[in-house]
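Below are some notes for a colleague who has the model open and wishes to check individual contacts. The points are numbered so that each can be taken up separately.

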Amino acid sequence: KMTQQMRDLQLAQARKPPGPSSPNAAKRLYRNLSGKFRVNYTSFDEGSLAGRGEKEKLRKSYLFQSNAALFEAVELQDLDRVQELLKQYSPEELDLNTPNSEGLLPLDIAIMTNNTPIARALLQAGAKESPHFVSLESRSLHLSTLVREAEQRVNELTAQVVNEAPNADCSEKEKQLKAWEWRYRLYKRMKAGFEHARVPDAPTNVHLSVASSSSVQVTFWEPLSVNSAVVTKYKVEWSCSPTFSPLLGEAVIDKLKTLHFTIRGLVSGTAYYVQVSAYNMKGWGPPQASVPPFAIPSNWREYDGRAPRRRGQAEALDHLLSQVKTVHQHCVCHEPCKNQPQSRKHSVSKSLKHLFHPGSKFLKTLKRGLYLTAIFYKDDNILVTHEDQIPVVEIDDTYSCLLMQDFLWFTKVSCMWDEILWLRQCVTVSQSSCSCILQTRFKMLLAISQMQGLLGIQDLGQVFFEPVKDKQGNILIVTLKEVKTNQTFESVRWVPICKLQTSRKSVSSPEEPTALDTLLISVQDKLAYHQRSSHALSPGLYLGYLKLCSAVDQIRVLVPEQLPNILCHVKIRSNPNISREEWEWLQKMVSVEEPVPAEPEAETSQNHLFQELQVAIKELMTLVNIPLQEAKDFRLYSQEVLDFGGQVSFLLLLPPSDDVCTAPGQNNPYTPRSGFLTLPLQIFELGEEK
């Protein structure tokens, strides 16, 4: 059948100009055609009469030349050119898996010439081997046919060049002869590469871990052998028997960007054995059993049947809030605001007059008092008023209450920006108590509503973790929000941050800057904090360090500057799941009185976790600047694994009970290195929730 295919190919080629072009000729042709295409595209832009069909024809021709250029780059072993083409075009545009007239694919040429870098680049892009090679015999016969026909063509052209007198036709045949000689050498090299290759060795570092109560994950590395051909796929097999008879299932992995596979749909509590084998053009190599040899799908909660801590909490809170709203719907405080949608329309129309009215509701300067400022930014631009000021509104000009309590209450309100009107209506009735705290909080809600109305947006963003103060008695509560779309706002405009900082004229001295000047000077730091606080950890199991310090009115927690919404941490492994067996071993380890418990048995998941924990603890102690010998008094929090969305989980490392929280005036003998800050505990909790 393969021989018949080659005869059909020869008949098809006989109708074309004799002989394939050389690589250099193909490159010249590609350049010439590319130049012509550029001229044609320009003519289209200038109003050419060519129709869409002609454009599509030229596009297909251009992509055909790209396919030819890819084959040429692979044949010439030009890795840079291959990578450039793979980056410039999609696999579909390159026809990456469409065989050429010789029945070959770019990946076939790369692996049979043993060009590992190019083969890996093609595999990463989704390249596959030719479907014609259904067996070793068919591949060998195909290569022998290509070599024989190329040799025959070289002999024919050599005879013609020797016997003919020098002329233009003879010069053309000499070019064809050189091209066929080059192709003959290529086919011989491919045939020799195939004959000398052998099946791949077994994959290395085959590690098996428990991914959940119904799945296990196997990770592996490519074989270490250097004499075998490039591996193009892997096979994962699993069974309940150590002899793998019978097999429960298998999966072939041909997407090699990441060498791991998750086996799903397994039965909890059942042991599963896994092995992995590699494949190249010579066939499948020997399988490699995993370490540990088996895994039992489970989760740490199965140890004592514990339910997730937060199960149903969000739903319960939503239900409670809806109940409270229902009770307040018929409250007298809601009667003045029944026609709120109409009043909102008036406020919008008034905002247009506000642009031309000298009495702006945004403040230009601060007097002694409490203020709210909203920072909206996009790339390197920031929203400012038409007076080139960051939007500021007044909360209270006679503020004299406890700032931290009111500030923390404000941060909780920031989780309900859309409910400010309803909160205002509920707080209004309580003003008769004349409580300083209630009056201040009602004024906070009024200021929020004013800022929302002036900007024309409800969501004011995230509250910065501490107010900005100055010696004149001004206090600024700062909200931050990144705008990722071309959103329009009322009464404000975009300006570059650097321009705002250089053009603003300070009204204070460098020794005693006002809160507004301080905010403007430090605005980049605050924007960086806001961006970092929204970053998420990659999936995995982490070891976190809990360190608190207390002040008169708050407790603060130590966090890294790069991820202020997460405790100080290091990554233990990429698998976030703790199995029942691992958790049971951890419980035994933390309950023993000896400082160092005995190591678990080799080739078990518990032993692997033990080694991973040792490495993580050393790394974490170095990170927070604590001598390793002090870690012998530290404890692992053994009540639960902190689970964040199923993809990230934490084990906590705690200092001795007397050192978990540093009291006011107490010195910490081991100060963390630069790159850390302390957040109010309530602020940290809100950031972690988000």
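1. Arginine 183 and glutamate 75 are both buried, and in this model, which is predicted, their side chains meet in a salt bridge with an N to O distance of 3.4 Å. Because arginine 183 belongs to helix 9 (residues 168-196) and glutamate 75 to helix 3 (residues 52-75), the pair ties together parts that are 108 residues apart in sequence.

2. A salt bridge also links arginine 139 to glutamate 129, with 3.0 Å between the closest N and O atoms. Arginine 139 sits in helix 8 (residues 136-163), while glutamate 129 is in the loop between helix 7 (116-124) and helix 8, so this pair ties together parts that are 10 residues apart in sequence. Arginine 139 is buried, and glutamate 129 is buried as well.

3. For arginine 573 and glutamate 612, the closest N and O atoms of the salt bridge are 3.5 Å apart. Since arginine 573 lies in strand 19 (residues 568-573) and glutamate 612 in helix 19 (residues 605-623), the contact ties together parts that are 39 residues apart in sequence, and both arginine 573 and glutamate 612 are buried. Salt bridges with shared partners join Arg573, Glu582 and Glu612 into one network. The structure holds 16 salt bridges, among them the one between arginine 573 and glutamate 612.

4. The crossing in which helix 12 passes helix 14 is right-handed.

5. Is valine 648 buried or exposed? With a relative accessible area of 10%, valine 648 is buried, since the cut-off for a buried residue is under 20%. Valine 648 belongs to strand 22 (residues 648-654), and its C-alpha is 7.6 Å from that of tyrosine 542, although valine 648 and tyrosine 542 are 106 residues apart in sequence.

6. On the surface, Leu317, Leu320 and Val324 form a nonpolar patch whose accessible area together is about 270 Å². Valine 324, one of the residues in this patch, lies in helix 10 (residues 313-328) and is partly exposed, with a relative accessible area of 32%.

Definitions and conventions
Residues numbered from 1 in each chain as written. Predicted model: local features only at pLDDT ≥ 70, side-chain atom pairs only at ≥ 80, totals over all residues. Heavy atoms only, no water. Patch = residues over 30% accessible without salt bridge, like charges linked within 9 Å, V, L, I, M, F, W, Y side chains within 5 Å. Areas by Shrake-Rupley, 256 points an atom, 1.4 Å probe, with all protein chains shown as cover. Salt bridge = Lys/Arg side-chain N within 4 Å of Asp/Glu carboxyl O. Helix = DSSP H or I, 4+ residues; strand = E, 2+ residues; numbered from the N terminus. Buried < 20%, exposed > 50% of the residue type's maximum accessible area, 1.4 Å probe, protein only. Left-handed = near helix turned anticlockwise from the far one by under 90°.
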